[in-house]
Amino acid sequence: MKRSKKEVLDADFAAARAGVLDVAAFLDRVDRGEGEADFRYRALLEVLPLLSVHGPGRARAVLEALSCRDAAIAETAASKAACGAPNPNK
């Protein structure tokens, strides 16, 4: 059964608000840090305008923008975790 917009807002607004605040706090911490930010910071800033596009598909657009676009699969991982954004320098 499809929920109404009000039902979605009632159920999920607080969590979405917390997520947006987490992103804002993260960006503030990076900005206060020393040195230069890398491609991950720039990638995150580039997807923020996607959040204000109306209609469904925002989550997919953000996920695709932050996903690796390399068709080749690495034989070994360079680190223990994925970096979470495509690295234009690779």
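The rule for a salt bridge asks for a side-chain nitrogen of Lys or Arg within 4 Å of a carboxyl oxygen of Asp or Glu. Arg-60 is exposed, with a relative accessible area of 60%. Both residues lie in helix α3 (residues 58-65), four residues apart, or about one turn of the helix.

A word on the ground rules: this is a predicted model, where local features need pLDDT of at least 70 and side-chain atom pairs count only at pLDDT 80 or more, while totals for chains, interfaces and linings use all residues. Residues are numbered from 1 along each chain as its sequence is written, and side-chain values use heavy atoms, with hydrogens and water left out.

## Other salt bridges

Side chains of opposite charge can pair when their charged atoms come close. The rule gives a count of four salt bridges here. One of them joins Arg-3 and Asp-12, at 3.1 Å from N to O. Arg-3 is partly exposed, with a relative accessible area of 44%, and Asp-12 is partly exposed at 34%.

Arg-40 and Asp-38 form another salt bridge, with their closest N and O atoms 2.6 Å apart. Arg-40 is partly exposed, with a relative accessible area of 44%, and Asp-38 is partly exposed at 28%.

The protein has three helices and zero strands, running α-α-α from the N terminus on. Helices (H or I, at least four residues) and strands (E, at least two) are DSSP runs, numbered from the N terminus. Of the 90 residues, 9% count as buried.

How far apart are the end C-alpha atoms of helix α1? They are 37 Å apart, which agrees with the 40 Å that the 28 residues of α1 (residues 5-32) should span at 1.5 Å a residue. The expected span is 1.5 Å times one less than the number of residues. At Asp-12, α1 bends by about 60°, the bend being the angle between axes fitted to the seven residues ending there and the seven starting there.

A pocket is an open set of points on a 1 Å grid over the protein atoms alone, with protein on both sides within 12 Å along at least five of seven lines; lining residues have an atom within 4 Å of a point. Among the lining residues are Ala-16, Val-20, Leu-51 and Arg-58, with α1 and α3 each supplying at least two residues.

Leu-50 lies in the loop between α2 (39-47) and α3, and counts as partly exposed at 26% relative accessibility.

Methods. Buried means under 20% relative accessible area, exposed over 50%, partly exposed in between (1.4 Å probe, protein chains only). On a 1 Å grid over the protein atoms alone, a cavity is a set of points where a 1.4 Å probe fits but cannot get out, and a pocket is an open set with protein on both sides within 12 Å along at least five of seven lines; lining residues have an atom within 4 Å of a point.
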